[in-house]
Amino acid sequence: MMHFADSLTFSGRKVVAAWAALPFPAFSGSSLPDILSAHQQDVPWKLLSSWREQKVSCCFAQSVVLRGVCKERPASCPGQPQSPLHSCESPEQVLQQFFHTQFPGAFSTSHVLQQPCDTRPPFPQFFSPLLTRRGFLPDKAQGYSSAGVESIPVLAALQSSPVLHSLLSGLCRDLRVRNVQRWSSFFTAGVEQDDFQEALEELKTLSQCYETGFGADGSEDEADSD
């Protein structure tokens, strides 16, 4: 995993964020272009970190894997113009076109696997009763037993993005306000005060590698300078 993360980082960056859509929001029988066309304003996956919710506006590099979505091409409707997504020849091309629109200039890799994620017992059954047995949203509003969810489509991503500036700088601030000298066990384990302060400075420097100079990062920069 460490080497895989290294392949997505550059310019002093060392950290990537994990994102996932569990399950991937797809209607039963919909094609991948149809599904992604409904998410032109925002990506259909969420940050897995405990940090507060962030909207992804740009990224530097990412790797995405999609499992369990129908690989059939959408049927063409006479007289209806197709979107660029519907003109792609393969699911991988559909994802690449979607990423090119959402994150222009970013390095993106994508993989599409036909096999869904198996969610039969002992997998925890925490799913909405609105899901079908295969984890899709039904075409009509009708109830399904969550105990019957046997598999789900899943999208997972590792992403190097400006969101990590907020996360890392917030972690640095949280550590600075705590008086670690009160935790005797912390230093009896072999950590020196100077080493701890040096690690904080390195963490702050690392967070600055994810700055973009626009958007939501501005408020974080001001808070970090206090």
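Biologist: Which strand does β1 pair with over five bridges, and in which sense?
Modeller: β1 pairs with strand β7, residues 154-160, and the sense is antiparallel. One thing to keep in mind is that this is a predicted model.

Biologist: Thanks! Which residue in β7 is the bridge partner of Trp 19?
Modeller: That would be Ala 157.

Biologist: And what about β2, which residue there is the bridge partner of Trp 19?
Modeller: In β2, Trp 19 has Leu 47 as its bridge partner. Strand β2 covers residues 46-47, and two bridges join it to β1, with the two strands running antiparallel.

Biologist: How many of the residues in β1 are buried?
Modeller: Four of the five are buried, so strand β1, residues 17-21, is mostly covered.

Biologist: Let's switch to the peptide bonds. Which residue is joined to Pro 23 by a cis peptide bond?
Modeller: Leu 22 is joined to Pro 23 that way, with omega at about 0°. Pro 23 sits in the loop between β1 and α2, the latter being residues 32-37.

Biologist: And which residue has a cis bond to Pro 122?
Modeller: Pro 121 does, and omega is about 15° there. You'll find Pro 122 in the loop between β5 (117-118) and β6 (151-152).

Biologist: Now Ser 11. What is its phi?
Modeller: Phi of Ser 11 is near 55°, which is a positive value in a residue other than glycine. Ser 11 lies in the loop between α1 (2-6) and β1.

Biologist: Is Ser 11 buried or exposed?
Modeller: Exposed, because its relative accessible area is 56% and the cut-off for exposed is over 50%.

Biologist: On to charges. Which residues form the negative surface patch?
Modeller: Glu 192, Asp 194, Asp 195, Glu 198 and Glu 202 form that patch.

Biologist: Why does Asp 194 count as exposed?
Modeller: Because its relative accessibility is 62%, and anything over 50% is called exposed.

Biologist: One more residue: does Leu 168 count as buried or exposed?
Modeller: Leu 168 counts as buried, because its relative accessibility is 6% and the limit for buried is under 20%. Leu 168 belongs to helix α4, residues 163-176.

Biologist: How many residues apart in sequence are Leu 168 and Gln 208?
Modeller: Leu 168 and Gln 208 are 40 residues apart in sequence, while in space they are 8.8 Å apart, C-alpha to C-alpha.

Terms used
Residues numbered from 1 in each chain as written. Predicted model: local features only at pLDDT ≥ 70, side-chain atom pairs only at ≥ 80, totals over all residues. Heavy atoms only, no water. Buried < 20%, exposed > 50% of the residue type's maximum accessible area, 1.4 Å probe, protein only. Pairing = 2+ DSSP bridges. Patch = residues over 30% accessible without salt bridge, like charges linked within 9 Å, V, L, I, M, F, W, Y side chains within 5 Å. Areas by Shrake-Rupley, 256 points an atom, 1.4 Å probe, with all protein chains shown as cover. Salt bridge = Lys/Arg side-chain N within 4 Å of Asp/Glu carboxyl O. Lys, Arg positive; Asp, Glu negative; His and termini not counted. Charge placed at Lys NZ, Arg CZ, Asp CG, Glu CD.
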